[in-house]
Amino acid sequence: MKHVKLPSIRPSIFPSSQNQRPLVPPNQPFPPPNDYISSPTAVSLSAALQHYINSVFPSHGQKIHAHILKIGFKPNTNVSIKLLILHLKSCCLRYARQIFDEMPQPTLSAHNYMISGYLKNGKIEELLNLVSRLTFSYEKPDGFTFSMILKATGCASGGNFALPYCLEKVVHAQILRSNVEPDDVLYTALVDSYVKNGKVGFARRVFDMMLEKNVICSTSLISGYMSQGRVEDAEDIFSRTFEKDVVVFNAMIEGYSKSVETARRSLEVYIDMQRLNFRPTLSTFASVIGACSVLAAYEIGQQVESQLVKLDFINDIKMGSALIDMYSKCGRIEDGQRVFDHMPEKNVFSWTSMIDGHGKNGNPVEALELFNRMKIEHHVKPNYVTFLSALSACGHAGLVAKGWTLFESMERDYMLKPRMEHYACMVDLLGRAGSLQQAWDFVMGMPEKPGSDVWAALLSSCQLHGDVEMASIAANEIFKLKSDSRPGAYVALSNALAAAGKWDSVSEVRQLMKVRGVSKDTGSSWVRADGGPCGFLTRKRCNQTRREVKGISSVAL
């Protein structure tokens with residue numbers, strides 16, 4: 001190995017009298033240094049490398065590689081794999097790949113170690129390239145290889161790298177074609193991959209083929225069903241899971257907490273898991289607090305807060321932010337402020353929750369004061385959501401100049417390129433203030449094509465101020481982008497035309513809705529009763545509901 005690609009190892013990893021910290025903890029046996037220095041053999045080098053692989057500081061073993069390069073020793077397959085593992089554990093992916101590439105015939109173990117390293121570091125494109133190389137070699141993928149590829153399909157979703165179409169199906173087909181014996185690990189990876197890619201039906205087929213269903217597969221399938229709103233299927237899997245753990249309970253609680261129709265069941269499962277002596281985790285509490293937000297059940301939220309105090313979770317930043325958000329959505333901004341003030345540590349999410357809470361509860365001045373305190377006194381850098389909350393507060397307070405300052409500072413001071421929702425918020429801010437022409441010029445001057453939210457904000461402002469001509473333009477732009485998914489645009493345009501007395505045009509808009517099959521969602525209202533939130537649909541008559549409302553009204557009076 002005269003021509004070496006590896007750069008020289010830093011001298012700091014060699015032992016020296018000036019180094020105060022030992023290479024390995026004193027309780028671990030140190031290999032005799034002369035074994036691989038004075039008489040280097042494959043056995044002595046392998047033993048020394050294994051020692052550092054098992055140590056707390058594997059990077060200190062890189063000096064052995066430096067010694068191998070220095071003396072020109074040609075490592076065998078075993079030593080090469082040990083070097084590869086050492087560099088992977090030292091987070092030196094580039095060195096590991098160079099070792100791999102220098103192996104005359106990389107073994108399946110070498111491929112699997114390298115693939116695992118790429119997966120751990122999120123290098124999905126490199127992982128798939130290596131898998132492709134493996135398929136053209138003398139080695140064939142095994143169950144571990146397939147499980148790593150399946151895990152990669154979940155990691156890559158939402159990333160910058162586009163996966164091959166239906167990769168999980170291709171892997172599944174290869175598993176069936178090969179002689180690989182599927183085990184629990186492989187089945188679990190396959191189910192999880194299908195779920196993460198939205199193919200819950202295929203995941204269920206694999207799940208039903210398993211002789212012994214494990215709780216990990218059950219949890220993954222429950223999460224998939226809940227994400228698609230198939231609550232009954234999720235309940236079926238949950239009831240058939242006999243060896244339950246905290247994670248599967250958390251999956252049910254989180255799934256139930258997403259909608260007002262099922263949020264109360266989230267609280268019931270939360271109570272059941274404690275009766276079965278399962279200790280709630282931070283994930284449990286996050287979902288339960290979310291359910292309280294959906295139900296506007298701040299009294300239950302207060303009980304959850306008390307339990308957080310008892311379990312010493314109250315100082316967790318995520319829990320504090322979740323409580324602030326819950327109290328704000330329940331209209332209990334004072335309780336949210338109390339939680340915020342008692343948080344020993346705050347991050348940008350805590351500040352954003354409090355700023356957003358004040359803005360949505362009619363305290364825009366307090367929201368903007370908090371925004372300034374966060375930046376000036378606490379030196380916390382705002383994110384996209386923070387700016388969105390601050391801009392919304394400016395809109396409610398009618399502070400146009402302040403809104404412009406915030407919007408312009410996003411990219412200038414914080415390198416945050418405004419997103420479509422920020423442009424929509426600015427249009428709403430200008431429209432609320434009556435500056436329709438300025439809002440129109442702002443939309444026309446956008447660096448990218450305005451989205452439906454931007455046009456909807458302009459349409460709402462036009463309806464507010466009676467500008468029928470501009471409202472028609474905004475509505476037509478919405479119809480071009482989303483003709484059937486924004487029924488509110490048809491209604492807003494119809495109302496603007498009706499306010500201007502243009503009844504013929506109103507009839508045309510309503511006829512257009514019929515032709516395109518667009519219907520507005522039924523209006524509903526919520527009233528809190530002893531049994532929790534009670535919903536009422538517009539034009540729907542129900543004697544029982546009317547009696548309940550009458551009873552609530554009489555008590556209130």
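1. Let's start with Ser 218: setting aside neighbours within four places in sequence, its contacts (heavy atoms within 4.5 Å) are Phe 207, Ile 237 and Thr 241. Ser 218 sits in helix H12, residues 215-227; helices here are DSSP runs of H or I with at least four residues, strands are runs of E with at least two, and both are numbered from the N terminus. Ser 218 is buried, at a relative accessible area of 2%. For the record, buried means under 20% relative accessible area, exposed over 50%, and partly exposed in between, using a 1.4 Å probe and protein chains only.

2. A word on the source: this is a predicted model, where local features need pLDDT of at least 70, side-chain atom pairs count only at pLDDT 80 or more, and totals for chains, interfaces and linings use all residues. Residues are numbered from 1 along each chain as its sequence is written, and side-chain values use heavy atoms, with hydrogens and water left out.

3. Now the overall picture. The protein chain has 30 helices and 2 strands. Of its 557 residues, 45% are buried. Among contacts with a separation of 6 or more, 60% are between residues 24 or more positions apart.

4. On to helix H13 (residues 231-239), whose buried residues are Val 231, Ala 234, Ile 237 and Phe 238. These lie on the same side of H13, because they cover an arc of only 125 degrees around the axis (the arc is taken from the directions from the helix axis to the C-beta atoms). What covers them includes helix H11 (200-209), H12, helix H14 (246-256) and helix H15 (263-275). Ile 237 is also one of the contacts of Ser 218.

5. You'll find Leu 150 in helix H8, buried at 2% relative accessibility. Not counting residues up to four places away in sequence, Leu 150 touches Glu 168, Val 171, Ile 175, Leu 186, Ala 189, Leu 190 and Ser 193. His 172 is 22 residues from Leu 150 along the chain, and their C-alpha atoms are separated by 9.0 Å.

6. Then the largest pocket, with a volume of about 330 Å³. Of its 15 lining residues, the closest to the centre are Val 131, Thr 135, Phe 146, Ile 149 and Gln 174. Helix H7 (124-135), helix H8 (143-156) and helix H9 (167-177) are the elements giving two or more residues to the lining, and H9 has the largest share with 5 residues. How it's defined: on a 1 Å grid over the protein atoms alone, a pocket is an open set of points where a 1.4 Å probe fits, with protein on both sides within 12 Å along at least five of seven lines; lining residues have an atom within 4 Å of a point. The volume is the space filled by probe spheres set on the points.

7. What about disulfides (cysteine sulfur pairs within 2.5 Å)? The count is 0. The sulfur of Cys 91 is too far for a bond, because the closest cysteine sulfur, in Cys 92, is 7.2 Å away. Cys 330 has its closest cysteine sulfur in Cys 292, at 7.3 Å, again too far for a bond. Cys 91 is exposed at 64% relative accessibility, whereas Cys 330 is buried at 16%.

8. Last, Gly 362, in the loop between helix H20 (348-360) and helix H21 (364-376). Gly 362 is exposed at 56% relative accessibility. Gly 331 is 31 residues from Gly 362 in sequence and 9.9 Å from it in space, C-alpha to C-alpha.

Notes:
A disulfide is a pair of cysteine sulfur atoms within 2.5 Å.
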